[in-house]
Amino acid sequence: MRFEGSTDYVATPDLMLAVNAAITLQRPLLVKGEPGTGKTMLAETVAAALGLPLLQWHIKSTTKAQQGLYEYDAVSRLRDSQLGGEHGSRVHDIANYIVKGVLWQAFSAETPTVLLIDEVDKADIEFPNDLLRELDRMEFHVYETRELVKAKHRPIVFITSNNEKELPDAFLRRCFFHYIKFPDKETMQSIIDVHFPNIKKALIREALEVFFELREIPGLKKKPSTSELLDWLKLLMAEDIPPEALRAKDQKTAIPPLHGALLKNEQDVHLFERLVFMARQNR
């Protein structure tokens, strides 16, 4: 089982090598990189390319590791016991109130699956450690029913992180790591070709110049990402903005049209406007 790329996702050779290394080692692939570099989409692409079901667990600040295994719905059991009748007959079997989590679904699947644990660094610092045993041994106990759940097939696990928190060393040891570098112009051109195959080359050329110059402005709170570049290009095409409208002898003396697709907070907009004003004063 090897990932050889996809027509819908531009995967660099080193990224494909990392995916296949994780599959060979049967370890989770921990993927880091700037927001918008395609970390989440990677799992979706691999699942589609290999013809495997995809299970997704999007982590929040309140997410606990136990939720990925199962949850015991004690509230529903109490309500059924109070209602009686058909509901009351369910109460005697506690298994009726065990809600399977994403990991349980992956372990019990009849075929191999791709499991995405998205933005693991959003959760509490103990969250990764709490998953170590389950991800390592591919089994866990359901204490309420005294059941041992073992994986029928080891899922291909993708774990993404935006580097909001440092992950524990014990967790890192059990993963294969890959950092997705921000695309250079050539790779970005390939990404754009996938999404907009009929876009004018002149528009791409000018847009990329503006985009990468924006990213190089010192002091930006949030640099524009790949997804924001794609949104900007979509707007430029929708509004039929000509390439000439993006071009200036000195790009720093012009505010690009529809720049709200690229700059997402007022501090960065004000910083860019000040730089444009200073550049015009010095002409």
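Two residues are in contact when they have heavy atoms within 4.5 Å of each other. In this predicted model, F127 is in contact with W57, I59, T63, K64, A65 and V120, its neighbours within four places in sequence being left aside.

**Nonpolar cores**

F127 belongs to the largest nonpolar core, which has 30 residues. F127 is also listed, with W57, I117, L131, F140 and I159, among the residues with the most contacts inside this core. At least two residues each are supplied to this core by the helices α3 (65–69), α6 (102–108) and α8 (132–137) and by the strands β2 (54–58), β5 (114–118), β6 (139–142) and β8 (156–161). The largest share, five residues, comes from α6. A second, separate core includes A207, W232, L233 and L246.

| Core | Residues in core | Residues included |
|---|---|---|
| Largest nonpolar core | 30 residues | W57, I117, F127, L131, F140, I159 |
| Second, separate core | 29 residues | A207, W232, L233, L246 |

In soluble globular proteins, nonpolar side chains tend to be buried together.

**Largest pocket**

The volume of the largest pocket is about 630 Å³. Its lining is made up of 31 residues, and Y9, G36, T37, G38 and K39 are the ones that lie nearest the centre of the pocket. Two or more lining residues are given by each of α1 (13–25), α2 (39–50), β9 (176–180), α10 (185–195) and α12 (226–238). Of these elements, α10 gives the largest share of the lining, with four residues. By residue class, the lining holds twelve nonpolar, twelve polar and seven charged residues.

Key: Residues numbered from 1 in each chain as written. Predicted model: local features only at pLDDT ≥ 70, side-chain atom pairs only at ≥ 80, totals over all residues. Heavy atoms only, no water. 1 Å grid on protein atoms, 1.4 Å probe; cavity = no way out; pocket = protein on both sides within 12 Å on 5 of 7 lines; lining within 4 Å. Points joined across faces, edges and corners; volume = space filled by probe spheres on them. Nonpolar A, V, L, I, M, F, W, Y, C, P; charged D, E, K, R; others polar. Core = buried A, V, L, I, M, F, W, Y, C linked by side-chain atoms within 4.5 Å. Buried < 20%, exposed > 50% of the residue type's maximum accessible area, 1.4 Å probe, protein only.
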